[in-house]
Amino acid sequence: ANAVPLLWPRKQFFRNPNHCLLSTQVCLLGMASIGRQACYWVLCLLILLSLLLNARIFLSGSILLEVPTSLDSRLLLWSTNPKSNDTPIVEKGIPSRNVQETTKSETKEGVSKKQGSSLIWKDGCQVWEDGMPRPPIHDSTTTTTTTTTNPPTGIAVTLAKRKNKRGKDLLNLLCQKVPTQQAYFYEPQGIDLLMLIEIDGVTHDQVAECLELQAPVVESSKEDPVYWHNLDGSILTTYEYRSKTGRGKVYLAPFEMQYPEYIQKNQSRLTEQMEGCDRGTDFEDYVQGTRYYSNDVLHLSILQGYDYLLKVDLDIEFRGDQLFPFHLLHDMRLRGAIFGHSGEFLPKGFGGCTRNINNVVDGFVEMASMINASSGQDKPSWARQSNWKQPCSAGVEEFDRGKDQYYTNLVAMSVDFFQSEHVRAYGKWMNEYYPGFFRYGWTDQLFFHKAMGLFLGPDFRDYVADYTDFRCKKFATCWFPWAGMGKTTKTAPSHFCAAGGIFHHGKARSVFGPFNGTFSNISAPLAGNPHVSQYQHDCSII
């Protein structure tokens with residue numbers, strides 16, 4: 001009976017004094033109610049912000065912990081092992097960084113030591129911050145000395161891929177060749193190994209057994225995988241081992257190679273007929289296996305603990321009676337080399353399976369150097385910041401022609417350069433170009449010289465080191481593996497390694513015989529002067 005109406009007639013309200021008293025009470029009650037509601041909404045907002053913050057932390061993997069610089073500035077992320085509810089595992093992720101900002105100190109277990117000057121942008125191209133390569137690579141009269149006692153660090157990345165019934169054949173090849181690589185190259189050179197395993201019917205445990213690997217007695221073991229957060233958002237799972245002697249570090253990684261996005265969206269493109277190239281019945285494995293080194297490998301965060309990345313094919317075999325006479329990566333540093341090769345297609349390049357590659361380069365230049373007003377697209381940030389507008393080695397024949405330049409079954413490359421944002425952008429562009437790898441049968445032999453020529457100038461060859469001397473070859477001045485096949489040659493072929501070669505690319509065939517199981521406890525010496533290649537290419541003798 002004493003309830004206060006919610007709506008008051010305006011005239012009656014002002015004529016009756018009792019109404020004013022009631023109105024005051026109602027106002028006080030209303031203000032209290034509004035205050036309670038405001039507190040309620042503020043509390044809800046705080047709870048919502050808290051939930052969003054925790055969700056962001058959860059999605060990023062975990063809380064980022066500050067770690068000492070002795071761990072190479074790696075971010076240790078703790079989470080729960082997916083195989084166990086109570087076993088912690090270590091996740092490692094290293095943030096992306098520009099080439100010119102890289103300077104790394106000694107890290108845990110001597111794994112990595114970044115030294116030397118960095119590449120910088122100058123007039124829209126990349127050069128060494130203290131000038132062009134030191135010493136000039138093309139000048140055989142230049143000598144230099146060094147007081148460096150810690151050689152550069154390197155990791156070889158090998159993709160063992162075979163998605164058919166011949167998986168066991170690849171395992172046999174791996175078990176035959178890789179031990180020679182470990183004993184006569186990786187360990188003397190102080191190079192670690194990452195092996196990605198995608199072989200039907202073969203597990204990483206089988207690979208570890210045939211290579212006689214040991215579980216390391218350190219903070220992680222083969223039972224505790226390490227998850228690496230890569231620069232492209234993917235995750236690499238590795239199991240850490242030691243070599244038979246305990247000197248070499250080996251990472252084994254169960255792996256599944258992904259297709260380019262344009263094929264993921266339309267799988268029928270895998271069945272399209274190749275043009276101007278025939279890769280045989282295993283073309284998919286072949287193209288995927290070589291395509292990996294022009295894009296996917298460049299995003300691996302595990303590389304950021306090293307100065308150099310090496311590609312050594314599974315069918316490369318090393319001899320045990322003669323080793324590299326110097327530390328290869330130290331020599332690359334002396335020479336200011338971004339890329340080291342062991343075979344160059346001279347003098348005209350190799351034109352097989354190279355169709356349309358120059359269109360890829362032209363399209364990338366157009367995309368990265370122009371603002372597309374109609375679509376609203378701006379230049380990539382790296383192109384704006386560097387003022388890059390055109391290929392830095394334009395006019396150099398080896399860059400301009402659309403052909404293979406290097407034989408890439410044994411190459412070394414600078415992590416700083418090949419993991420830079422702009423090189424990764426080109427690798428992504430090349431791999432997503434359609435029609436491309438699967439239509440024309442491209443390999444990584446089309447990638448390295450184009451990537452360097454785009455950003456290194458005025459001549460990318462000034463940043464390349466030649467180690468063809470050390471390849472076993474049938475003819476001393478013609479390294480081509482097919483040289484002299486099917487015809488009478490002017491010069492009789494000699495022993496494959498008579499000219500001083502220490503490794504042989506022999507597919508399934510072994511030149512040096514079965515591996516005897518011995519590892520030499522030798523470390524490659526640090527040369528005071530850079531190596532000057534003695535190889536003189538001349539196939540006219542054949």
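**Entry 1**

I began with Cys539, which counts as partly exposed because its relative accessibility is 24%, and partly exposed lies between the 20% limit for buried and the 50% limit for exposed. I noted at the outset that I am working with a predicted model.

I then looked up which cysteine Cys539 is bonded to, and found that a disulfide joins Cys539 to Cys478, with 1.9 Å from S to S. The two ends come from distant parts of the chain, since Cys478 sits in the loop between strand E14 (464-466) and E15, while Cys539 belongs to the segment after E15, and 61 residues separate them. Cys478 has a relative accessible area of 1%, so I wrote it down as buried. For the handedness I checked the torsion about the S-S bond of Cys478 and Cys539, which is about 85°, and therefore this disulfide is right-handed.

**Entry 2: Cys175 and Cys210**

Next I turned to Cys175 and Cys210, which are joined by a disulfide with 2.1 Å from S to S. This pair also links distant parts of the chain, with Cys175 in helix H3 and Cys210 in helix H4 (residues 204-210), 35 residues apart. The torsion about their S-S bond is -95°, and the link is left-handed.

**Entry 3: Cys125 and Cys392**

A further disulfide is formed by Cys125 and Cys392, whose sulfur atoms are 2.2 Å apart. I located Cys125 in strand E4 and Cys392 in the loop between helix H9 (381-386) and helix H10 (397-400), so that the bond links distant parts of the chain, 267 residues apart. Both Cys125 and Cys392 are buried. The torsion about their S-S bond is about -105°, so I recorded this disulfide as left-handed.

Strand E3 (residues 119-122) and strand E4 (residues 125-128) run antiparallel and are joined by 4 bridges, and Cys125 is the bridge partner of Lys122. The two strands form a hairpin with 2 residues between them, and in the turn Asp123 has a positive phi of about 55°.

**Entry 4: the disulfides as a set**

How many disulfides does the structure hold? I found 5. When the bonded cysteines of the chain are numbered in sequence order, the pairing reads 1-6, 2-3, 4-5, 7-9, 8-10.

**Entry 5: the largest pocket**

Finally I looked up the largest pocket, which has a volume of about 1,400 Å³. It is lined by 48 residues, and the closest to its centre are Tyr286, Asp313, Asp315, His505 and Lys507. Sorted by class, the lining has 19 nonpolar, 11 polar and 18 charged residues.

Which element gives the largest share of this lining? That is E5, with 5 residues. Among the elements that each supply at least two lining residues I also listed helix H3 (167-189), helix H6 (283-291), strand E10 (308-312) and strand E15 (503-505).

How values were computed:
Residues are numbered from 1 along each chain as its sequence is written. This is a predicted model: local features need pLDDT of at least 70, side-chain atom pairs count only at pLDDT 80 or more; totals for chains, interfaces and linings use all residues. Side-chain values use heavy atoms; hydrogens and water are left out. On a 1 Å grid over the protein atoms alone, a cavity is a set of points where a 1.4 Å probe fits but cannot get out, and a pocket is an open set with protein on both sides within 12 Å along at least five of seven lines; lining residues have an atom within 4 Å of a point. Grid points are joined across faces, edges and corners, and a volume is the space filled by probe spheres set on the points. Ala, Val, Leu, Ile, Met, Phe, Trp, Tyr, Cys and Pro count as nonpolar, Asp, Glu, Lys and Arg as charged, and the others, Gly among them, as polar. Two strands pair if DSSP finds at least two bridges between them. A disulfide is a pair of cysteine sulfur atoms within 2.5 Å. Buried means under 20% relative accessible area, exposed over 50%, partly exposed in between (1.4 Å probe, protein chains only).
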